[in-house]
Amino acid sequence: MQITVATLSDQLFTIQVSEDLELENMKVLCEMETRIPAQEMAVVWNGRPLLIDKMTLKQYGIRDGEVVLVQHLQAQNSSSGEYTSVFITCQSKNIEISGLGQTLQQDDAVFIRDMFMRDPHQLAMLQQMNPSLADAMLSGDLDKFRRVLQEQRQIRLQQDQDKMALMHADPFDPNAQHLIEEAIRLRNVDSNMATAIEFAPESFGQVHMLYIDCKVNGYPVKAFVDSGAQMTIMSQSCAERCHIMRLVDRRWTGLAQGVGTQTIIGRVHLCQIQIGTAFLQSSFCILESQPMDMLLGLDMLKRHQCVIDLKKNLLQIGTSGTVTPFLAETDLPDTARLDQSAREEQELADVLSRSAQATKSKNTGKPSTSRVASTPSSQGQYSEEVVARLMSNGFSRHVVVEELRRCKGNADQALASLLSKSFGLP
């Protein structure tokens, strides 16, 4: 059978071995390729180290096409079993976890839990790919996590055994042919992914959207440049913040269809957008629950002959010659961080903190006294009486709360600011 061997130095090779080959002999074969002495070599498979050299690959459960990690143990750390990284591999999913100075535990459940708890990004991936195991991990109950992990291992082992039995019973059976075809397809997918990681690792990176700074009715807005959108749109909350809701023609109601469906409240037929030093005329479709504040669509881009220059990372307005750079990732609004916003990262950190405290209190037998301070919502910071009094002047709740936040809770100053802004011209 064929085994793929990976090292931490990005070396990847395959060896042809027998399933009855002992682990110590496999280390000798790997020593010829990696130049790592067999006595200082550790082999990790499926998230656990292989410690008994006299056991065969068949006894460990390693099958044809599996991937193992070869790690060089330093002489001073060989007695304590210290590893610098672990590569957890399964046939359908590959998850790499790095943990410098991590000492392997005899209990797989403790080791796996600790590795995930040290890496919030990998924990977020686990929550998407295996929510039941992630929930058991975050509950702080080690026995529950160990039980769920063992159940999933048994289910997967049973499924693999059933598949192997079916394929060997009658290779010409249609179901067996389908399983063989799927196994070949998964092997090709893994090979394609390994090639992409080696030769095109940038394809796995995140690319943020194109945003620019502009002003609408004198109010700053971060606009998303989208040449795939047919029309320029603005959210209702942004229109209220810019005080242009009074110009909305509600006869232009309807539905905006794209990736999803949004309700169109109406249309602002003419309004000025300031981009840099240029003032451009544009129209907006106001959407009821649009997460982005503003989206510059193809109608606006073609009307003003805009050029999206990705080499120089800027937007050029052809009709005026104005040039404005696209925003850096740190300047993007929270809605643009689709992978994980700062708020989600903080929530995940809070969950990890509570889970660690629960585990610690259970191990020590003492109740946890630490509490996670809850941040009050922006609307809960001000009394309903003050908010209602300001709303009685014809302003929406969102605008009132936002202005109170800017004025640090001063109701009189917020009212004066709202009244002055209501006289702004579009």
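Predicted model: local features only at pLDDT ≥ 70, side-chain atom pairs only at ≥ 80, totals over all residues.
1. Overall make-up. The protein chain has 426 residues, of which 37% count as buried, and its secondary structure comes to 13 helices and 17 strands. Among contacts between residues at least 6 apart in sequence, 50% join residues that are at least 24 apart. The accessible surface of the chain comes to about 25100 Å², and 52% of that area belongs to carbon and sulfur atoms.

2. Helix H1 and its length. Helix H1 covers residues 23-34, and its 12 residues should span 16 Å at 1.5 Å a residue, which agrees with the 16 Å between its end C-alpha atoms. The helix is followed by Arg35, whose phi is positive, near 65 degrees.

3. The buried side of H1. Which residues of H1 are buried? They are Leu23, Met26, Lys27, Cys30 and Thr34, and because they cover an arc of only 105 degrees around the axis, they lie on the same side of H1. In general, an α-helix has 3.6 residues a turn, so residues three or four places apart point the same way.

4. The model has nine salt bridges, and in one of them the side chains of Lys54 and Glu24 meet at 2.7 Å, N to O. This pair links distant parts of the chain, since Lys54 sits in the loop between S4 and H2 while Glu24 belongs to helix H1, 30 residues apart. Lys54 is exposed, with a relative accessible area of 55%, whereas Glu24, at 26% relative accessibility, counts as partly exposed.

5. Two further salt bridges. Asp213 forms a salt bridge with Lys222, with the closest N and O atoms 3.5 Å apart; Asp213 counts as partly exposed at 39% relative accessibility, and Lys222 counts as partly exposed at 29%. Arg241 forms a salt bridge with Asp293, the closest N and O atoms here being 2.8 Å apart. Arg241 lies in helix H8 (residues 236-241) and Asp293 in the loop between strand S13 (278-287) and strand S14 (294-296), so the pair ties together parts that are 52 residues apart in sequence. Arg241 counts as buried because its relative accessibility is 18%, under the cut-off of 20%, while Asp293 is partly exposed, with a relative accessible area of 26%.

6. The largest nonpolar core. This core has 31 residues, and those with the most contacts inside it are Val216, Met234, Ile273, Phe284, Ile286 and Met294. At least two residues each are supplied by strand S8 (211-216), strand S9 (219-225), H8, strand S12 (261-275), S13, S14 and helix H9 (298-303), and the largest share, five residues, comes from S12. In soluble globular proteins, nonpolar side chains tend to be buried together.

7. Leaving aside its neighbours within four places in sequence, Val216 is in contact with Val221, Met234, Cys242, Ile244, Cys271, Gln272, Ile273, Phe284 and Met294.

Methods:
Residues numbered from 1 in each chain as written. Heavy atoms only, no water. Helix = DSSP H or I, 4+ residues; strand = E, 2+ residues; numbered from the N terminus. Expected span 1.5 Å × (residues − 1). Buried < 20%, exposed > 50% of the residue type's maximum accessible area, 1.4 Å probe, protein only. Arc of directions from axis to C-beta. Contact = heavy atoms within 4.5 Å. Areas by Shrake-Rupley, 256 points an atom, 1.4 Å probe, with all protein chains shown as cover. Salt bridge = Lys/Arg side-chain N within 4 Å of Asp/Glu carboxyl O. Core = buried A, V, L, I, M, F, W, Y, C linked by side-chain atoms within 4.5 Å.
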